[in-house]
Amino acid sequence: NQFNAGAFYKNKNGKLYFGGNRGLDFFNPKEIKLNISIPNIAITNFTKFDKNILSQDFFIKDSIILNYKDSFLFEFSALNFTNPNKNKYAYKIKEYHKNWIELGTNRSIIFNNLNPGEHELIIIGSNNDSVWNRKGKVIKLFIKPPFWMTQWFKFLTIIITLIIFSFLIFKFIRRKQDQILKNISLKQFFDFYKISNREQEIAIILSKGKTYKEIEEELFISYSTIKNHIYNIYKKIGIKNRGELKALIEKYNI
């Protein structure tokens with residue numbers, strides 16, 4: 001709406017004239033040159049948890065160490081000032097993206113929940129005539145893992161697991177050894193008093209508090225036979241009742 005309809009003219013040299021509400025404008029299209037200057041890409045801001053932590057060290061190292069929970073933002077600029085509003089941008093993280101993520105004229109990126117490990121962020125940009133800096137700006141991101149994903153924690157977990165497993169095996173072996181020693185000790189006690197195998201069975205069952213009826217059912221022998229065996233056991237050992245028998249068995253069954 002700034003130019004008048006029909007108020008235009010082209011001379012023999014190709015120069016164009018336009019009449020408008022502010023006077024006369026003219027130019028030669030042949031004299032308009034493409035901006036072929038490749039712009040450098042600069043990081044203008046780095047924010048973590050809404051806190052600006054950009055420092056001189058960052059410009060030197062081009063690397064940042066972050067925690068796996070960190071949320072962070074980069075702001076950047078293509079250093080072309082012919083018409084900076086037309087500068088365009090794109091980025092990719094090598095480990096995540098095969099193709100470039102186009103940002104248009106947007107000059108910032110927000111990241112969160114990146115996987116632990118080392119990543120390479122590449123930011124590229126163009127000037128106002130879409131001449132791109134394809135090398136761009138490369139930033140190394142080191143995302144520290146949570147403690148349960150670290151090598152030392154995995155190593156410690158393996159060591160603790162081996163210790164617990166070894167302890168359980170040792171306890172199992174020790175229990176078996178104790179049981180063997182108990183059996184040997186009790187067997188020696190019975191052999192010393194010339195207690196027969198059947199009498200040994202009855203004595204052990206009796207020491208566990210079983211009744212005559214239960215012993216009868218378990219060993220398939222008569223009540224009278226059980227009484228005779230028990231009498232012989234008491235006589236051979238020199239005891240008078242079940243309580244003394246139980247005490248002796250517990251004493252030698254160690």
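How are α3 and α5 oriented to each other, roughly parallel or roughly perpendicular?

**Entry 1: ground rules.** I am working on a predicted model, where local features need pLDDT of at least 70, side-chain atom pairs count only at pLDDT 80 or more, and totals for chains, interfaces and linings use all residues. Residues are numbered from 1 along each chain as its sequence is written, and side-chain values use heavy atoms, with hydrogens and water left out.

**Entry 2: α3 and α5.** I looked up the axes of α3 and helix α5 (residues 223–237); they come within 10 Å and cross at roughly 90°. Helices here are DSSP runs (H or I, at least four residues), and strands are runs of E of at least two. Axes are lines fitted to C-alpha atoms, for helices over the stretch in contact, with angles from 0 to 180 degrees between N-to-C directions. α3 and α5 are therefore roughly perpendicular (65 to 115 degrees; under 35 is roughly parallel, over 145 roughly antiparallel, the rest oblique). Contact (heavy atoms within 4.5 Å) involves residues including Ile202 and Leu206 of α3 and Ile230 and Ile233 of α5.

**Entry 3: α3 and α4.** I checked helix α3 (residues 197–207) against helix α4 (residues 212–219): their axes come within 10 Å and cross at roughly 135°. That makes α3 oblique to α4. Among the contact residues I noted Ile205 of α3 and Tyr212 of α4.

**Entry 4: a salt bridge.** I found Lys94 and Glu120 joined by a salt bridge of 2.9 Å, N to O (the cut-off is a side-chain nitrogen of Lys or Arg within 4 Å of a carboxyl oxygen of Asp or Glu). Lys94 sits in the loop between β8 (89–93) and β9 (101–104), and Glu120 in strand β11 (residues 117–126), 26 residues apart.
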